[in-house]
Amino acid sequence: MVDKQRVIPLIVATALFMENMDSTVIATSLPAIAADIGTSPLTLKLAITSYLLSLAVFIPASGWTADRFGARMVFAIAVGVFMVGSVGCALSTSVTDFVFARILQGMGGAMMTPVGRLVLLRSVDKSALVNAMAWVTVPALIGPVIGPPLGGFITTYASWHWIFLINIPIGLLGIFMALRFIDPIKSEEREPFDLYGMVLAGLGLAGIAFGLSVAGLNLLPWSTVAALIAGGAISMTLYVFHARRTGSPVLDFSLLNLPTLRAAVLGGFMFRLGIGALPFLLPLLMQIGFGLSPFHSGLVTFASSLGAMGMKTLAARIIRAFGFRNLMTVNAIVSAFFLGVCALFTVTTPLLIIMVILVVGGFFRSLEFTAINTVAYADVETAQMSRATTLVSVNQQLAVSAGVAVGAACVETTMWFSHISELNATVFAPAFIVVALTSAASSWFFWQMPVDAGHEISGRKAVEIASRKGAGKGAAKAAVKAASEDTQDVRDQRLG
């Protein structure tokens, strides 16, 4: 049991790392890929947007699919589909081939993320959930920062095809480990598939996510972008009315009645929106503003992932010491502060100071992500886990898309007010301030949680009980262990 609680988070983290890295590494190599297959980099942007569209359309179906066919099997198949899409990208000789391969990758990615979290929630005890989420959070932070330098290195010194082929050994190992160590848990209740809701939610999410993703990138006219977002919003509004009349919606918004999940979704959206702009703004500042090469820029921005790695060993202790509500409220402001400090970077700022700030900021950001991803499921019943993971995954996808859109809009607005036609280092400061304030605003949602939010998961309740009784460490550990017994009993019963 102890071994599985360590191995399963690593299995899920490996798959998510593969997806997150692949999504960012392609951006650096687009010019080389476009030249090789005989098209322009602007046209090849369709490969990125088609992947985002595929994610948005298929994520709502992930929860029902996992319940119907089993989370382990769906997760393994999703990794396989993502691998097939990767091979298709490597073998592409035209824009059409490449776009179809990216859509296939998106289908696999849409299942890997929410189903991977579902596997984690159904396999790990409550007392170990914070540590498990810490491991899973790291790839989401490392992927966007290691992607650009890795893509630049592979494209420069090897061939762009290897960007996608390196997914094959990682994916094969992930499938083998998943089938070997993850228990075959299925839902006891078979619910009908909400096809009409799936269509409405898919169109709505695709319109909003796609519109936000291309906003500010000059790929489409603003009128088209506005029409996409408005159409998506209308479709999502129709879905909300539909969801109230069905017993098995693909996106269950009634879960927002849970205070912890509501704070994780709404507050998490605000926090991720600000932080999500960082992988977009920082490389541009380093390369266009400071004149660094993509490879050297990636090495600088990689510093934030070092802080994320350092966090994973301390997250459980910090959350247990302060509690979810207090920690998330204060840490959101601290994380936003380090994001806002990026506005002070200039050409004369020593790279060492920049890297130190990114390392420390990465630690606090990763700690906040771990807390958000964990407390979201604190009050969710076992039967609702699949719906909860789907809702959280959709929220995260929209937040990242919105972050890039807000960052790009701020840069363009600054250029317009300053009457500047070309990007330079001075136009990025207002964008960093805006996204930092947005992230800081999330603290209000976290403060609305109950004082004892997530105590069962963090172990803080056990520590408080032991403290009130004047008990020693032995009693506290015993209480923490008791907090996980319900989860273990439910899992054992479901496995027969």
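# Rings, helices and contacts

User: What is the relative accessible area of Trp64 in this structure?

Analyst: The structure is a predicted model, and every value here is computed from it. A residue counts as buried under 20% and as exposed over 50%, with partly exposed in between. Trp64 is therefore partly exposed, because its relative accessible area is 25%.

User: How many aromatic pairs are there, and what kind of pair do Trp64 and Phe69 form?

Analyst: The count of aromatic pairs comes to 12. For Trp64 and Phe69, the ring centres lie 6.3 Å apart and the planes stand at 85° to each other. Planes over 60 degrees apart count as edge-to-face, so the pair formed by Trp64 and Phe69 is edge-to-face.

User: Which residue lies over the face of Phe69?

Analyst: Phe69 counts as partly exposed, because its relative accessibility is 42%. At 5.1 Å from the centre of the Phe69 ring, and over its face, lies Arg68.

User: What kind of aromatic pair do Phe338 and Phe364 form?

Analyst: The centres of the two rings are 5.8 Å apart, and the angle between the planes of Phe338 and Phe364 is 15°. Planes under 30 degrees apart count as stacked, so the pair of Phe338 and Phe364 is stacked.

User: How far is the charged end of Arg102 from the centre of the Tyr51 ring?

Analyst: The charged end of Arg102 sits over the ring of Tyr51. A charge sits over a ring in this sense if it is within 6 Å of the ring centre and also within 35 degrees of the ring normal. The distance for Arg102 and Tyr51 is 4.4 Å.

User: Is Ser248 buried or exposed?

Analyst: Ser248 has its place in the loop between α10 (222-243) and α11 (259-276). Leaving aside neighbours within four places in sequence, Ser248 is in contact with Glu191, Pro192, Asp194 and Arg387. Because its relative accessibility is 10%, Ser248 counts as buried.

User: How far apart are the C-alpha atoms of Leu104 and Ser54?

Analyst: Leu104 belongs to helix α5 (residues 95-123) and counts as partly exposed, because its relative accessibility is 29%. Apart from neighbours within four places in sequence, Leu104 is in contact with Val81, Val84 and Gly85. Leu104 and Ser54 are 50 residues apart along the chain, and their C-alpha atoms are separated by 7.7 Å.

User: How are α18 and α19 oriented to each other?

Analyst: The axes of helix α18 (residues 385-418) and helix α19 (residues 429-447) come within 8 Å and cross at roughly 140°. That makes α18 oblique to α19.

User: What is the handedness of the crossing of α18 and α19?

Analyst: In α18, Val406, Gly407, Cys410, Val411 and Thr414 meet Pro430, Ala431, Val434 and Val435 in α19. The crossing of these helices, α18 and α19, is right-handed.

User: What share of the residues in the protein is buried?

Analyst: The protein has 23 helices and 0 strands. Of its contacts with a separation of 6 or more, 84% are between residues 24 or more positions apart. Among the 496 residues in the protein, the buried share is 55%.

How values were computed: Residues are numbered from 1 along each chain as its sequence is written. This is a predicted model: local features need pLDDT of at least 70, side-chain atom pairs count only at pLDDT 80 or more; totals for chains, interfaces and linings use all residues. Side-chain values use heavy atoms; hydrogens and water are left out. Rings of Phe, Tyr and Trp (its six-membered ring) pair if their centres lie within 6.5 Å; planes under 30 degrees apart count as stacked, over 60 as edge-to-face and the rest as tilted. Buried means under 20% relative accessible area, exposed over 50%, partly exposed in between (1.4 Å probe, protein chains only). Helices (H or I, at least four residues) and strands (E, at least two) are DSSP runs, numbered from the N terminus. Contact means heavy atoms within 4.5 Å. Axes are lines fitted to C-alpha atoms, for helices over the stretch in contact, and angles run from 0 to 180 degrees between N-to-C directions. Angles under 35 degrees count as roughly parallel, over 145 as roughly antiparallel, 65 to 115 as roughly perpendicular and the rest as oblique. A crossing is left-handed if the near helix is turned anticlockwise from the far one by less than a right angle, and right-handed if clockwise.
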